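Subject: Structure for your review

Dear colleague,

Please find below the structure that I am handing over to you, followed by an account of what was found in it. I would be grateful if you would read the text with the structure open.

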Amino acid sequence: MKIYEKENRKIVVYGAGNALKTFYSQLPDISYICDKRANEIKEFKGIKVYEPSVLKDEKEAVYIIVSVQDISAYKEIDKRIIEKILKI
């Protein structure tokens, strides 16, 4: 049993671009996707895409998979999640 199954947490993917298209089939059951272009993308393979700010509304812990190809984009998203969304 994988840890996310054992802890029964939602899986959220941050990023609906090429990396997600490439690795989608290898990812666990995705609850929803966050992307700053949510108003353009709307959904990916039937999964709703939301603005990243929805993470603030989560009442319980979730696993966030950052789905990007560029390390600098990853660092920017990581910083944004920690500082602006989670306010840590």
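This is a predicted model: local features need pLDDT of at least 70, side-chain atom pairs count only at pLDDT 80 or more; totals for chains, interfaces and linings use all residues.

Valine 54 sits in the loop that links E4 to strand E5 (62-66). Leaving out residues up to four places away in sequence, valine 54 touches Tyr32 and Cys34. Cysteine 34 is 20 residues away from valine 54 along the chain, yet their C-alpha atoms are separated by 7.9 Å.

The sheet

The model contains an open sheet of 5 strands, in the order E3-E4-E2-E1-E5, with mixed pairing. E3 and E5 are the edge strands; each has a single partner, so one side of each is left without a neighbour in the sheet. In general, the strands of a sheet pair through backbone hydrogen bonds, in either a parallel or an antiparallel sense.

- E3 and E4 run antiparallel and are joined by 2 bridges; phenylalanine 44 stands opposite isoleucine 47 in E4.
- E4 and strand E2 (residues 32-34) run parallel, also with 2 bridges. Isoleucine 33 has valine 49 of E4 as its bridge partner, and cysteine 34 has tyrosine 50 of E4.
- E2 and E1 run parallel and are joined by 3 bridges; the bridge partner of valine 13 in E2 is isoleucine 33.
- E1 and E5 pair in the parallel sense over 5 bridges, with isoleucine 11 opposite tyrosine 63 in E5.

Strand E1 (residues 10-14) is mostly covered, as 4 of its 5 residues are buried.

The nonpolar cores

The largest nonpolar core has 9 residues: Val13, Ala16, Leu20, Ile30, Ile33, Ala38, Phe44, Ile47 and Val49. A second, separate core consists of 8 residues, among them Val12, Tyr32, Leu55 and Val62. Neighbours within four places in sequence aside, leucine 20 is in contact with Val13, Gly15, Leu27, Ile30, Ile33, Phe44 and Ser67.

Two lysines with positive phi

Most residues other than glycine have a negative phi. Which lysine stands in the hairpin of E3 and E4 with a positive phi? The residue is lysine 45, whose phi is near 50 degrees, in a hairpin with 2 residues between the strands. Lysine 45 lies in the loop between E3 and strand E4 (47-50) and is exposed, because its relative accessible area of 58% is over 50%.

Lysine 42 likewise has a positive phi, near 65 degrees, without being a glycine. Lysine 42 belongs to the loop between helix H3 (38-41) and strand E3 (43-44). With 46% relative accessibility, lysine 42 counts as partly exposed.

Aspartate 35

Is aspartate 35 buried or exposed? Aspartate 35 has a relative accessibility of 6% and so counts as buried, the limit being under 20%. Aspartate 35 is placed in the loop between E2 and H3. Its side chain reaches the backbone nitrogen of arginine 37 at 2.8 Å. If residues up to four places away in sequence are not counted, aspartate 35 touches Gly15, Ala16, Gly17, Ile41, Val49, Tyr50, Glu51 and Pro52.

The largest pocket

Aspartate 35 also has a place in the lining of the largest pocket. This pocket has a volume of about 270 Å³. The lining comprises 16 residues, of which Gly15, Asp35, Lys36, Val68 and Ile77 are the closest to the pocket centre. Helix H2 (18-23) and helix H4 (71-85) each supply at least two lining residues. H4 provides the largest share of the lining, with 4 residues.

With kind regards

Technical notes. Residues are numbered from 1 along each chain as its sequence is written. Side-chain values use heavy atoms; hydrogens and water are left out. Buried means under 20% relative accessible area, exposed over 50%, partly exposed in between (1.4 Å probe, protein chains only). Two strands pair if DSSP finds at least two bridges between them. A nonpolar core is a set of buried Ala, Val, Leu, Ile, Met, Phe, Trp, Tyr and Cys residues joined through side-chain atoms within 4.5 Å. Contact means heavy atoms within 4.5 Å. A polar contact is a pair of N or O atoms within 3.5 Å; within protein, one must be able to donate a hydrogen and the other to accept it, and residues adjacent in sequence count only if both atoms are side-chain atoms. On a 1 Å grid over the protein atoms alone, a cavity is a set of points where a 1.4 Å probe fits but cannot get out, and a pocket is an open set with protein on both sides within 12 Å along at least five of seven lines; lining residues have an atom within 4 Å of a point. Grid points are joined across faces, edges and corners, and a volume is the space filled by probe spheres set on the points.
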